[in-house]
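Welcome! Please take a moment to turn the model around on your screen, and then let us walk through it together.

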Amino acid sequence: MRVEYFAFLSPCQVFSYFVRLQGAVNEGGLACGKQAVALQMGRIAFAEGICCNPSSGDCQRPEANMFREKVRRLRWVWMVLLANPISVLGQTPAKPTGPAPAAGGGAKKPGVPQAAPAPAAPQSKHFPILLVASGVEPQWSVRIGMKGAERLERAGYPPITLEPGEISADDSGTAWTYRAKDAGTGGDVTVRLSREACTEGSAQTKSSFRAVVTHAQIGILNGCAKIAAEEFPEFKQKNLDDGDPEKKKVVPPAITGFKPPVAMAFIDATGKVVLVRSGVTKIVAPAGYQLSLSHDGKRLLFTRDEQGKDRTIELYDAVSGKSTELMRGLVQRAFWSPDDSRIAFMRSTGQDWTVWTMPAGAPDKALQLSTSGVWALHGWTDAHTVLASDDTKLYFLRTESPPTSTAIREVYGDAYEVMSSDTIRANPANPDLLMVTAYVSHPKAGMPTDAHTGMGGAAFLYELKSKRRVDVTPANVFAQDAEWSRDAIQIFFTNPEKAPVICRVFWDGSGYKRVRAGSDLVVGE
């Protein structure tokens, strides 16, 4: 492990350094010091045989008197160097001070010896590594590894892998700028460290560096940084992997702390509605779609087609094992609220679909929430807000305040098509983080496409505040109907393939896994 040292030359070391550069030291040298520091070629080298204490006994030998005479002849240079200590390894040295130019343009006088220029000060390209920078309000952290900034983490959002770039030091030698790229979006990221005492959050937590992170979309994050070598176990493996470039790549740590669902519902290959609770599988209905499972996993809402245009919204109770018809007519797409006390659904009067809410189990008390028609209902973002959309806007319909909206194209960007079959889901732990499943307008080579539209299908994450958008499902997979797990870090989606299969990825796009045959999986607990 390479450790940074910051050192200054003592007057005697400056004297020894200058004498050696002037050729004053012969092969015999002066041997009075055990070890001294000599500056050679802009670096620190440890050597024996250089006088570091003029008062020592060895310095009184005749050989030393010869050198002291030479020093007296060069006293003015020695005084200049003493007035400007040379700093090395991480500190940018002061510029040497030379004699003032003579009047009249600084012309040299014949016969007058000119002073030799002082040696150039060494420049250091060293920078701190193996640090963790962090801050609060909002809570965030950045890992600075052997190559620079490599990962940005924020509470409530998936970690961002960074591609380390150029690292530069300020002239002061006490501040460094680490440049990087957001691997998901290509956005510029800089981390600026300055060596100064820093306290963030608790006054008892003190760090040696102040840190400022600037992300092209997220903005500025302020905090502190400290050396944390124990957080970089890959550093120990570095020398072992020098011969294998693949092993030297920065690999994001695996997602941990997730919980497999213990209650979930899905549609099997024959179209039956299936409920799984604590490992027990039960067929709930011979047909159905648009599933929504309560947070305790005990009640399941689903839509069933009837004759003509009519539909029914059914409620299945896992405790009693019975289904109840909640409402019939032009109704569809029911969602449980976060506390399972209310249900949002869509109803049509024959022209437009509008959004309604009702207390759970009391359809006679249903109230209209939207005043205009919508294309799709996407569930709840919190206990008082329902998410809906049409072809131009994404609506935030509130039960206790006026609605707001944002342009749907701002969410989708140019790569995705806006359709009524799309699904938009707010993260259960962070309503600022949306997950959208939509058609890909121009699929890249290797992406499966829909036989009818010729387009691909993918899920992406969108942050409402920062407007950061990043794909989350694999590029070689067709994804549709993505849903969050209750722990907010797993994503389950349907891959149609030849026969529909339910797959899972983590919210950072890692951990792709085929879970089981079926489609439209929803998670209860």
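Two strands are said to pair if DSSP finds at least two bridges between them. Strands themselves (E, at least two residues) are DSSP runs, as are helices (H or I, at least four residues), and they are numbered from the N terminus. In general, strands of a sheet pair through backbone hydrogen bonds, either parallel or antiparallel. What you see is a predicted model, so local features need pLDDT of at least 70 and side-chain atom pairs count only at pLDDT 80 or more, while totals for chains, interfaces and linings use all residues. Residues are numbered from 1 along each chain as its sequence is written, and side-chain values use heavy atoms, with hydrogens and water left out.

Let us begin with a sheet. Four strands form an open sheet in the order E15-E14-E13-E37, and their pairing is antiparallel. At its edges are strand E15 (280–285) and E37, each of which pairs on one side only. From one strand to the next, the twist averages 20 degrees; for such angles, axes are lines fitted to C-alpha atoms (for helices over the stretch in contact), and angles run from 0 to 180 degrees between N-to-C directions. Strand E13 (residues 263–267) meets E37 in the antiparallel sense over three bridges. One spot to look for is Ile267, whose bridge partner in E37 is Ser519.

Another open sheet also has four strands, this time in the order E24-E25-E26-E27, with antiparallel pairing. Here E24 and strand E27 (404–407) are the edge strands, each pairing on one side only. The twist from one strand to the next averages 20 degrees. Strand E26 (residues 393–398) pairs with E27 in the antiparallel sense over four bridges, and Tyr395 stands opposite Ser405 in E27.

E20 and E21 pair in the antiparallel sense over four bridges, with Phe335 opposite Ala344 in E21. Their hairpin has five residues between the strands, and Asp340 takes a positive phi near 65 degrees there. E21 is also joined to strand E22 (residues 353–359) by seven bridges, and these two run antiparallel. The hairpin of E21 and E22 has four residues between the strands, and in it Gly350 takes a positive phi near 120 degrees. Is E21 mostly covered or mostly open? It is mostly covered, as five of its seven residues are buried. Buried means under 20% relative accessible area, exposed means over 50%, and partly exposed is in between (1.4 Å probe, protein chains only).

Next comes a different kind of link. A disulfide is a covalent bond between the sulfur atoms of two cysteines. The rule used here asks for a pair of cysteine sulfur atoms within 2.5 Å, and by this rule the count comes to one disulfide. Which residues does it join? Cys198 is joined to Cys224, with 1.8 Å from S to S. The link is left-handed, with -65 degrees about the S-S bond. It connects distant parts of the chain, since Cys198 lies in strand E10 (residues 188–199) and Cys224 in strand E12 (residues 219–227), 26 residues apart. Cys198 counts as buried because its relative accessibility is 2%, and Cys224 is buried too, with a relative accessible area of 4%.

Finally, look for open space. On a 1 Å grid over the protein atoms alone, a pocket is an open set of points with protein on both sides within 12 Å along at least five of seven lines, and lining residues have an atom within 4 Å of a point. About 650 Å³ of space lies in the largest pocket, where a volume is the space filled by probe spheres set on the points, which are joined across faces, edges and corners. This pocket is lined by 31 residues, and the closest to its centre are Arg333, Ser421, Thr423, Asp481 and Asp520.

Conventions:
On a 1 Å grid over the protein atoms alone, a cavity is a set of points where a 1.4 Å probe fits but cannot get out, and a pocket is an open set with protein on both sides within 12 Å along at least five of seven lines; lining residues have an atom within 4 Å of a point.
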